[in-house]
Amino acid sequence: MAPSTPPTEDDGELDGATDSHGDDDAVAEYRAKRMAEMQQEARPGRYGRLQRLPASSYAQEVNGADEGVWVVLALVLPGEPSSTRLVNALELTAQHHPAIKFLSMVGAEAIPNYPAANCPTVLVYRSDVLLGQFIGPRSVGLPADKASSSVESDENTVLGALSNVIDDFKKCS
(Lines give C-alpha, C1' and ligand atoms only; values in the text may rest on other atoms or scores of the structure.)
Protein backbone atom coordinates (compact mmCIF):
# COMPACT_ATOMS: atom_id res chain seq x y z
CA MET A 1 0.00 0.00 0.00
CA ALA A 2 1.38 3.39 -0.97
CA PRO A 3 1.90 6.02 1.73
CA SER A 4 -0.80 8.64 1.78
CA THR A 5 0.07 12.13 0.67
CA PRO A 6 -1.74 15.32 1.59
CA PRO A 7 -4.30 16.45 -0.96
CA THR A 8 -3.28 19.19 -3.37
CA GLU A 9 -5.28 21.67 -5.40
CA ASP A 10 -4.74 19.45 -8.45
CA ASP A 11 -6.59 16.64 -6.68
CA GLY A 12 -9.69 18.83 -6.47
CA GLU A 13 -9.98 18.25 -2.71
CA LEU A 14 -9.00 21.80 -1.69
CA ASP A 15 -11.42 23.70 -3.91
CA GLY A 16 -13.23 25.23 -0.91
CA ALA A 17 -9.99 26.12 0.84
CA THR A 18 -8.88 28.55 -1.86
CA ASP A 19 -11.95 30.70 -1.26
CA SER A 20 -10.79 31.54 2.27
CA HIS A 21 -7.29 32.66 1.22
CA GLY A 22 -8.39 36.31 1.22
CA ASP A 23 -9.73 35.84 4.74
CA ASP A 24 -6.34 34.50 5.85
CA ASP A 25 -4.66 37.66 4.57
CA ALA A 26 -7.16 39.85 6.43
CA VAL A 27 -6.66 37.88 9.65
CA ALA A 28 -2.87 38.07 9.30
CA GLU A 29 -3.07 41.82 8.68
CA TYR A 30 -5.33 42.33 11.70
CA ARG A 31 -3.07 40.16 13.86
CA ALA A 32 0.03 42.17 12.86
CA LYS A 33 -1.75 45.46 13.55
CA ARG A 34 -3.02 44.28 16.93
CA MET A 35 0.42 42.96 17.92
CA ALA A 36 1.96 46.35 17.11
CA GLU A 37 -0.70 48.08 19.24
CA MET A 38 -0.08 45.70 22.15
CA GLN A 39 3.68 46.22 21.95
CA GLN A 40 3.15 50.00 21.96
CA GLU A 41 0.90 49.75 25.02
CA ALA A 42 3.37 47.49 26.83
CA ARG A 43 6.30 49.80 26.10
CA PRO A 44 7.40 51.62 29.22
CA GLY A 45 6.67 55.32 29.30
CA ARG A 46 9.26 57.53 27.80
CA TYR A 47 9.05 60.47 30.15
CA GLY A 48 9.27 59.60 33.85
CA ARG A 49 10.70 62.92 35.01
CA LEU A 50 9.77 66.57 35.39
CA GLN A 51 11.46 68.51 32.60
CA ARG A 52 12.22 72.19 33.13
CA LEU A 53 11.69 74.22 29.98
CA PRO A 54 12.96 77.53 28.70
CA ALA A 55 10.30 79.75 27.12
CA SER A 56 11.60 78.97 23.64
CA SER A 57 10.60 75.29 24.02
CA TYR A 58 6.97 75.83 25.05
CA ALA A 59 5.38 75.42 21.61
CA GLN A 60 7.49 72.41 20.69
CA GLU A 61 7.02 70.53 23.98
CA VAL A 62 3.39 71.39 24.73
CA ASN A 63 1.70 72.09 21.40
CA GLY A 64 3.94 69.68 19.52
CA ALA A 65 3.47 66.71 21.86
CA ASP A 66 2.54 63.42 20.22
CA GLU A 67 -1.15 62.75 19.55
CA GLY A 68 -2.87 61.36 22.63
CA VAL A 69 -0.07 62.23 25.09
CA TRP A 70 -1.11 63.87 28.34
CA VAL A 71 0.99 66.94 29.17
CA VAL A 72 1.04 68.47 32.64
CA LEU A 73 2.65 71.92 32.66
CA ALA A 74 3.47 73.70 35.91
CA LEU A 75 3.95 77.46 35.76
CA VAL A 76 6.02 78.36 38.81
CA LEU A 77 7.68 81.25 40.58
CA PRO A 78 11.23 80.25 41.59
CA GLY A 79 11.82 80.41 45.33
CA GLU A 80 8.12 80.67 46.20
CA PRO A 81 7.28 77.91 48.74
CA SER A 82 4.09 76.65 47.04
CA SER A 83 5.86 76.48 43.69
CA THR A 84 8.73 74.55 45.26
CA ARG A 85 6.29 72.10 46.88
CA LEU A 86 4.44 71.62 43.59
CA VAL A 87 7.68 71.00 41.69
CA ASN A 88 8.79 68.44 44.30
CA ALA A 89 5.42 66.68 44.14
CA LEU A 90 5.45 66.62 40.32
CA GLU A 91 8.98 65.22 40.24
CA LEU A 92 7.78 62.25 42.28
CA THR A 93 4.52 61.95 40.33
CA ALA A 94 6.41 61.91 37.02
CA GLN A 95 8.46 58.92 38.18
CA HIS A 96 5.26 56.99 38.93
CA HIS A 97 3.54 57.96 35.68
CA PRO A 98 6.13 57.78 32.88
CA ALA A 99 3.54 57.85 30.09
CA ILE A 100 2.56 61.43 31.04
CA LYS A 101 4.78 64.32 30.00
CA PHE A 102 5.47 66.55 33.03
CA LEU A 103 6.92 70.00 32.34
CA SER A 104 7.80 73.03 34.44
CA MET A 105 8.39 76.64 33.39
CA VAL A 106 8.74 80.00 35.06
CA GLY A 107 5.25 81.52 34.76
CA ALA A 108 6.35 84.93 33.44
CA GLU A 109 8.60 83.29 30.82
CA ALA A 110 5.81 81.04 29.54
CA ILE A 111 3.21 83.82 29.47
CA PRO A 112 4.53 87.40 29.37
CA ASN A 113 3.34 89.41 32.39
CA TYR A 114 1.85 86.33 34.04
CA PRO A 115 0.94 87.41 37.60
CA ALA A 116 3.19 85.99 40.30
CA ALA A 117 0.10 85.64 42.51
CA ASN A 118 -1.20 82.95 40.10
CA CYS A 119 1.85 80.76 40.64
CA PRO A 120 1.91 77.89 40.86
CA THR A 121 -0.47 77.12 38.04
CA VAL A 122 -0.98 73.66 36.54
CA LEU A 123 -2.24 73.29 32.97
CA VAL A 124 -3.32 69.88 31.68
CA TYR A 125 -3.25 69.23 27.92
CA ARG A 126 -3.97 66.29 25.68
CA SER A 127 -3.48 66.41 21.91
CA ASP A 128 -2.83 70.17 22.09
CA VAL A 129 -6.17 70.83 23.85
CA LEU A 130 -6.26 72.48 27.28
CA LEU A 131 -8.43 70.18 29.40
CA GLY A 132 -7.84 71.53 32.87
CA GLN A 133 -6.24 74.38 34.75
CA PHE A 134 -5.43 74.94 38.38
CA ILE A 135 -4.51 78.54 39.16
CA GLY A 136 -2.84 79.16 42.47
CA PRO A 137 -1.72 76.73 45.18
CA ARG A 138 -5.15 76.16 46.71
CA SER A 139 -6.71 75.11 43.40
CA VAL A 140 -4.40 72.11 43.19
CA GLY A 141 -4.76 71.40 46.91
CA LEU A 142 -1.56 72.93 48.27
CA PRO A 143 -2.48 75.58 50.85
CA ALA A 144 0.28 78.15 51.17
CA ASP A 145 0.42 77.88 54.96
CA LYS A 146 1.07 74.11 55.08
CA ALA A 147 4.83 74.11 54.59
CA SER A 148 5.40 71.09 56.85
CA SER A 149 3.65 68.49 54.66
CA SER A 150 5.63 65.68 53.09
CA VAL A 151 6.39 65.38 49.40
CA GLU A 152 4.39 62.14 49.31
CA SER A 153 1.37 63.89 50.83
CA ASP A 154 1.69 66.72 48.31
CA GLU A 155 2.02 64.16 45.50
CA ASN A 156 -1.23 62.48 46.56
CA THR A 157 -2.99 65.85 46.67
CA VAL A 158 -1.74 66.85 43.21
CA LEU A 159 -2.53 63.40 41.81
CA GLY A 160 -6.09 63.68 43.09
CA ALA A 161 -6.60 66.97 41.27
CA LEU A 162 -5.06 65.66 38.03
CA SER A 163 -7.08 62.44 38.22
CA ASN A 164 -10.30 64.44 38.31
CA VAL A 165 -9.41 66.14 35.02
CA ILE A 166 -8.37 62.88 33.36
CA ASP A 167 -11.47 61.02 34.61
CA ASP A 168 -13.77 63.82 33.41
CA PHE A 169 -12.12 63.70 29.99
CA LYS A 170 -12.52 59.92 29.72
CA LYS A 171 -16.22 60.20 30.58
CA CYS A 172 -16.76 62.71 27.76
CA SER A 173 -14.84 60.83 25.09
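**Salt bridges and surroundings in a predicted chain**

Glu 61 is buried, its relative accessible area being 15%; here buried means under 20% relative accessible area, exposed over 50%, and partly exposed in between, with a 1.4 Å probe and protein chains only. The side chain of Glu 61 meets that of Lys 101 in a salt bridge, with 2.8 Å from N to O. Lys 101 sits in strand β3 (residues 101-106) and Glu 61 in helix α2, so the pair links distant parts of the chain, 40 residues apart. Helices (H or I, at least four residues) and strands (E, at least two) are DSSP runs, numbered from the N terminus. Lys 101 also counts as buried, because its relative accessibility is 7%.

The model is predicted: local features need pLDDT of at least 70, side-chain atom pairs count only at pLDDT 80 or more, and totals for chains, interfaces and linings use all residues. Residues are numbered from 1 along each chain as its sequence is written, and side-chain values use heavy atoms, with hydrogens and water left out.

As an overview, the chain has 5 helices and 5 strands, following the pattern α-β-α-β-α-β-α-β-β-α along the sequence. Of the 173 residues in the chain, 32% are buried. Taking contacts (heavy atoms within 4.5 Å) between residues at least 6 apart in sequence, 69% join residues at least 24 apart.

The structure holds 3 salt bridges, each defined as a side-chain nitrogen of Lys or Arg within 4 Å of a carboxyl oxygen of Asp or Glu. In one of them, Asp 66 pairs with Arg 46, the closest N and O atoms being 2.2 Å apart. Asp 66 lies in the loop between α2 (58-63) and β2 (70-76) and Arg 46 in the loop between α1 and β1, so this pair ties together parts that are 20 residues apart in sequence. Asp 66 is partly exposed at 40% relative accessibility, and Arg 46 is partly exposed at 43%.

Arg 52 forms a salt bridge with Glu 91, with the closest N and O atoms 2.8 Å apart. Because Arg 52 lies in strand β1 and Glu 91 in helix α3 (residues 81-96), the pair ties together parts that are 39 residues apart in sequence. Glu 91 is partly exposed, with a relative accessible area of 27%.

Strand β1 (residues 50-52) also contains Leu 50, which is buried at 7% relative accessibility. Not counting residues up to four places away in sequence, Leu 50 touches Val 87, Leu 90, Glu 91, Ala 94, Phe 102, Leu 103 and Ser 104.
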